[in-house]
Amino acid sequence: MRRDAFVDAAMRLIQTKGYEQTSLQDVLDQAEASRGAFYHYFDSKSGLLDAVIQRMVDTVAANLEPLVADPDIPAIRKLQLFFAGIVEWKEERRGFLAALLDVWLSDENAIVREHLRLRVAERLTPLLTEILAQGEFEGTFSAGPADETARVLISVIVAVNETATRLFLATRDGTATYEDAVRTVTAYAEAMERILGIPTGSWPVPDEASLRFWFAN
C-alpha cells in the first residue's frame, strides 16, 4: 500500500506541476512519507516514473481484458474496440500525458522507455493474440500465426507511440504541421490493415477532435 501511495502522489504531481518541476520532497510531502520509506521501494525519481508507467500499462490491459474475453463480439470489432479503448484511456488523461511528454524522450528516461516497451509487450501481446486467433478462426484476418502477428503489431504500436510523441513536440514547436501528423497516423493505419489483410478503413483512427488536440498546437 505504501508503494502505491508513492505512485498515486507522483501521478497527481506530474499533472499539476510537471515531471521536471516535481521534486522528491514534493512526493514525500504528498505521500506523507519519509525519504527512507521512498528508497525502500525506489532507487531514484526515474524509478518512480518507471512505476507510474507500469501502472498505466497494467490499468489499460485490465480494462481491455473483459472485451477480449467476450465471445459475442466478432474479432474485427474487438480489434477496433481494443485500440479505441487505448485512445479513449489517453483522452481521459490528456493533462497528465501532456505533462509527461516534455521529458519522455530525454536521455535520462531511456531505461524507462525500454521498460515501457517490455511492459506493453508483456501485457498486450497475449490479448492481441487472442483477438487474432479468433479472427483467423472466423476467416476475417489473413496475417498468419496469431502469436507472431501479435508481436509484430506490438512492435508497430510502440513505434507509433514514439512517433506520435515526437510529432506532438514538433507541432508544438512549429517544426511539423497538423497535416504532417494526420498523414503519419493514416500511413500507420494503412500499414496495420495490410499486415492483417483487413478492408481499408477497418483500423481505428482517432477522430479529428482528438488529432487536433494533440497535433494542432
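**Working through a predicted helical model**

Mentor: Asn-109 sits in the loop between α6 (94–104) and α7. Keep in mind that this is a predicted model.

Trainee: Is Asn-109 buried or exposed?

Mentor: Asn-109 is buried, at a relative accessible area of 1%, against a cut-off of under 20%.

Trainee: What does Asn-109 touch, sequence neighbours aside?

Mentor: Not counting residues up to four places away in sequence, Asn-109 touches Tyr-19, Ser-46, Leu-49, Val-103 and Trp-104.

Trainee: And Arg-113, where is that?

Mentor: Arg-113 is in helix α7. With a relative accessible area of 13%, Arg-113 is buried.

Trainee: What are the contacts of Arg-113?

Mentor: Leaving out residues up to four places away in sequence, they are Trp-104, Leu-105 and Ser-106. For Ser-106 there is a polar contact as well: its backbone oxygen lies 2.8 Å from a polar atom of the Arg-113 side chain.

Trainee: How far is Arg-113 from Asp-50 in space?

Mentor: The C-alpha atoms are 8.4 Å apart, while the two residues are 63 apart in sequence.

Trainee: Back to α7 as a whole. What span should it have, and what does it have?

Mentor: Helix α7 covers residues 110–138, which is 29 residues, and at 1.5 Å a residue it should span 42 Å. The end C-alpha atoms are 41 Å apart, which agrees.

Trainee: Where does α7 bend?

Mentor: At Leu-124, by about 40°, with the proline Pro-126 following within four residues. Just after the helix, Gly-139 takes a positive phi of about 85°.

Trainee: Switching to α4. How many residues does it have?

Mentor: α4 has 25 residues, and from first C-alpha to last it reaches 37 Å, close to the 36 Å expected. A kink of about 25° lies at Asn-63, shortly before Pro-66.

Trainee: What caps its N-terminal end?

Mentor: Ser-44 does, with a side-chain oxygen 3.4 Å from the backbone nitrogen of Ser-46.

Trainee: What sort of pair do Phe-83 and Trp-203 form?

Mentor: A tilted one, with 4.5 Å centre to centre and 40° between the planes.

Trainee: Which parts does that pair tie together?

Mentor: Phe-83 lies in helix α5 (residues 75–91) and Trp-203 in the loop between α9 (178–196) and α10 (208–215), so the pair joins parts 120 residues apart in sequence.

Trainee: How accessible is Trp-203?

Mentor: Its relative accessibility is 9%, so Trp-203 counts as buried. For Phe-83 the relative accessible area is 9%, also buried.

Trainee: Which residues do ring pairs link into a cluster?

Mentor: Phe-6, Phe-38, Tyr-39, Tyr-41 and Phe-42.

Notes. Residues numbered from 1 in each chain as written. Predicted model: local features only at pLDDT ≥ 70, side-chain atom pairs only at ≥ 80, totals over all residues. Heavy atoms only, no water. Helix = DSSP H or I, 4+ residues; strand = E, 2+ residues; numbered from the N terminus. Expected span 1.5 Å × (residues − 1). Bend = angle between axes of the 7 residues up to and from the residue. Polar contact = N/O pair within 3.5 Å; in protein donor to acceptor, adjacent residues only side chain to side chain. Phe/Tyr/Trp six-rings, centres within 6.5 Å; stacked < 30°, edge-to-face > 60°. Buried < 20%, exposed > 50% of the residue type's maximum accessible area, 1.4 Å probe, protein only. Contact = heavy atoms within 4.5 Å.
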